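Biologist: I would like a close look at a single part of this model, with its surroundings and with cut-offs given for the terms used.

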Amino acid sequence: MKNIILEVCCGSADDVIQAHKAGAGRVELNSDLFHGGLTPTVGELIVAKRETGMKIMTMVRPREGGFCYTDAEFATAIEDAKQLLANGSDGLVFGFLHQDGTLDLERTKTLAKLAQDAGKETVFHRAIDVVPDWKAVLDDLISIGITRVLTSGQEPDVSFGTQTVKEMIEYANGRIQILPGAGITARNMDRIIAETGCSQIHLAAHKDQSDTSVMNNRAIYYGGALYPPEDRFRVIDSDYIGGMVGRLEDR
């Protein structure tokens with residue numbers, strides 16, 4: 001059986017530490033996982049790299065809500081990318097589209113070149129799941145040397161998109177890596193691997209962690225209208241991830 005790389009989607013330096021503890025092969029470091037992952041701070045990257053030494057891919061996404069950015073947002077993405085690469089990132093994760101959902105090849109080239117000039121990897125993220133023609137996008141990404149694509153097979157959950165992921169892998173034919181993600185769990189992991197023929201998977205598994213520093217006034221909320229509980233936060237569940245890593249090693 002081929003070895004399967006397990007990449008963990010992380011939202012903090014603590015997440016990376018827990019993913020490393022669990023035996024993950026690689027992580028993707030973000031901030032704000034609630035909105036699908038935004039650019040992490042340089043401080044998070046420095047601490048995560050110092051504490052684990054593991055391979056860390058860093059998200060470059062200046063805001064939530066789509067992938068067609070203003071000039072100022074794109075300029076911010078460029079500066080963030082430079083800082084992340086200078087502080088130990090092993091590669092950049094990004095995606096740029098036009099308003100009609102087609103690939104913004106010029107902006108994609110710009111970020112790709114920054115990483116490639118530094119000898120680092122590049123990942124086009126799940127923006128590919130909303131493009132009208134994924135084959136055309138793969139052709140373009142291959143032409144500029146993108147390392148891999150993160151995809152759910154253009155479905156809300158990759159467990160429903162395994163046929164498309166399989167077709168992507170076959171179409172790519174080794175010219176670009178295809179990384180399935182979104183909704184992978186201990187229950188469906190083996191099926192997704194079998195149905196897609198993939199060599200790597202991307203997932204997150206968090207548990208609640210308590211922070212009682214706000215208990216003196218339970219009426220106060222610091223977030224938006226969703227009003228999430230202020231006395232807890234989420235962190236990677238290393239036991240859960242570790243169990244999945246163990247199963248992959250036993251294959």
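Where is D237 found, between which strand and which helix?

Modeller: The model is predicted, so local features need pLDDT of at least 70 and side-chain atom pairs count only at pLDDT 80 or more, while totals for chains, interfaces and linings use all residues. Residues are numbered from 1 along each chain as its sequence is written, and side-chain values use heavy atoms, with hydrogens and water left out.

D237 is in the loop between β10 (232-236) and α8 (238-249). Helices (H or I, at least four residues) and strands (E, at least two) are DSSP runs, numbered from the N terminus. D237 is buried, that is, under 20% relative accessible area, with exposed meaning over 50% and partly exposed in between (1.4 Å probe, protein chains only). D237 has no salt bridge, a term that requires a side-chain nitrogen of Lys or Arg within 4 Å of a carboxyl oxygen of Asp or Glu. The nearest side chain of opposite charge, K207, is 4.5 Å away from D237; Lys and Arg count as positive and Asp and Glu as negative, with His and the chain ends not counted. Leaving aside residues up to four places away in sequence, D237 touches A205, H206 and K207, where contact means heavy atoms within 4.5 Å.

H206 is also touched by D15, a residue of helix α1 (residues 13-22). D15 is buried without a salt bridge as well, and its nearest side chain of opposite charge is R234, 8.7 Å away. The contacts of D15, again without residues up to four places away in sequence, are C10, L33, H206, R234, V235 and I236.

Strand β8 (200-203) is an edge strand, as is β7 (177-180), each pairing on one side only. In a regular strand the side chains alternate between the two faces of the sheet. In β8, Q200 and H202 on one side and I201 and L203 on the other are all buried, so both faces are covered. Strand β1 (residues 5-10) pairs with β8 in the parallel sense over four bridges, where pairing requires that DSSP finds at least two bridges between two strands. V8 stands opposite L203 in β8.

These strands belong to an open sheet of eight, in the order β7-β6-β5-β4-β3-β2-β1-β8, with parallel pairing. From one strand to the next, the twist averages 25°. Helix α2 (residues 42-52) packs on this sheet, touching β2 (26-29) and β3 (56-59), and its direction makes about 170° with that of β3. Axes are lines fitted to C-alpha atoms, for helices over the stretch in contact, and angles run from 0 to 180 degrees between N-to-C directions.
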